[in-house]
Amino acid sequence: MAGWERKQQLVNSFDSSSSSEEQIRLAALCFSENIQCFESIPFVTIINSNKSQKDAMPMMLTAFDLLLKYATNLLSPKRSPKWRAIPTTSGNFKARIDCMNGARDILKLIGYCEETPTSMKFPDNVLEPDRPKVSLIAAELLIGKVGVEQMLRGQVDWNGSQNSQQMDWNGAQDSRQVDWNGAQDSRQVDWNGAQDSRQVDWNGAQD
């Protein structure tokens, strides 16, 4: 299967009944095969702009995980009426999402493109999320999350090397040097409820 076909399969899975395990498998393949899997999210830029922060990788993993939950909940037929706005002033939002450079840009990509002093929200004239676009961003968030997990496990280093080979983000894996500038799963979360005994609130926090 060609790389772009694999990614499209992952995108389509967010609008179907695919299991989270299958989604994670597809995301891992997309990341490891070095296809041009990030069309919308500037993954490499996000990594480079955050890697100097303290505990950068765990921080980015948490942010990617919560951003993915926001995206997948927009695709849920049971989303809360409160889905249109995300409060941004709480300590949890600041500590778990806003701490990552680029996080707000990702929220804008899935539709929260109006900012107020206290929130990010959908424009009043937008009645529904753009499902194809949100599915694409959800897929890229999952691929990015898998990538960060691999970095945490030491499978991929800051310079893009994987298993002693250098990764060319424009093509196949080979021995060339690469310039990186070039939920745990994706299960649905009820914004007013719990997932695996962990509460998820409107600030993106998990207790």
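Helix axes here are lines fitted to C-alpha atoms over the stretch in contact, and angles run from 0 to 180 degrees between N-to-C directions. Keep that in mind for the helix pairs.

First, the ground rules. This is a predicted model, where local features need pLDDT of at least 70 and side-chain atom pairs count only at pLDDT 80 or more, while totals for chains, interfaces and linings use all residues. Residues are numbered from 1 along each chain as its sequence is written, and side-chain values use heavy atoms, with hydrogens and water left out.

Now the overview. The protein has seven helices and eight strands. Those are DSSP runs numbered from the N terminus: H or I of at least four residues for helices, E of at least two for strands. There are 207 residues, and 50% of them are buried. Buried means under 20% relative accessible area, exposed means over 50%, and partly exposed is in between, using a 1.4 Å probe and protein chains only. The protein exposes about 9900 Å², with carbon and sulfur atoms supplying 48% of that. The areas come from the Shrake-Rupley method with a 1.4 Å probe; for residues, only the protein chains shown count as cover.

Next, the core. The largest nonpolar core holds 52 residues. By nonpolar core I mean buried Ala, Val, Leu, Ile, Met, Phe, Trp, Tyr and Cys residues joined through side-chain atoms within 4.5 Å. M60, M100, L107, I110 and L141 have the most contacts inside this core. At least two core residues come from each of α1 (3-13), α2 (20-32), α3 (43-50), α4 (56-74), α6 (103-109) and α7 (131-152). Which helix gives the most? That is α4, with 13 residues.

Two of those core residues deserve a look. L107 sits in helix α6. L107 counts as buried because its relative accessibility is 0%. Skipping residues up to four places away in sequence, L107 touches L67, Y70, I86, F93, Y112 and M120. Contact means heavy atoms within 4.5 Å. L107 and L68 are 39 residues apart along the chain, yet their C-alpha atoms are separated by 9.8 Å. Then I110. Leaving aside neighbours within four places in sequence, I110 contacts Y70, A71, L74, F122, V134 and I137.

On to the helix pairs. α4 and α7 pack at about 160°, axes 9 Å apart. So α4 is roughly antiparallel to α7, a label for angles over 145 degrees; under 35 is roughly parallel, 65 to 115 roughly perpendicular, and the rest oblique. The α4 side of the contact includes M60, L61, F64 and L74. Among the α7 residues are V134, A138, L141 and V148. α4 passes α7 in a left-handed crossing. Left-handed means the near helix is turned anticlockwise from the far one by less than a right angle; right-handed means clockwise.

How do α1 and α7 cross? Their axes come within 8 Å and cross at roughly 115°. That makes α1 roughly perpendicular to α7. This crossing of α1 past α7 is right-handed. K7, L10 and V11 in α1 meet S135, L136, A139, E140, L142 and I143 in α7.

Is S135 buried or exposed? S135 is buried, because its relative accessibility is 4%. Beyond four places in sequence, S135 touches V11, F14, D15 and L75.

Last stop, P87. P87 lies in strand β1, residues 85-87. At 29% relative accessibility, P87 counts as partly exposed. P87 and T116 are 29 residues apart in sequence, and 9.3 Å apart C-alpha to C-alpha.
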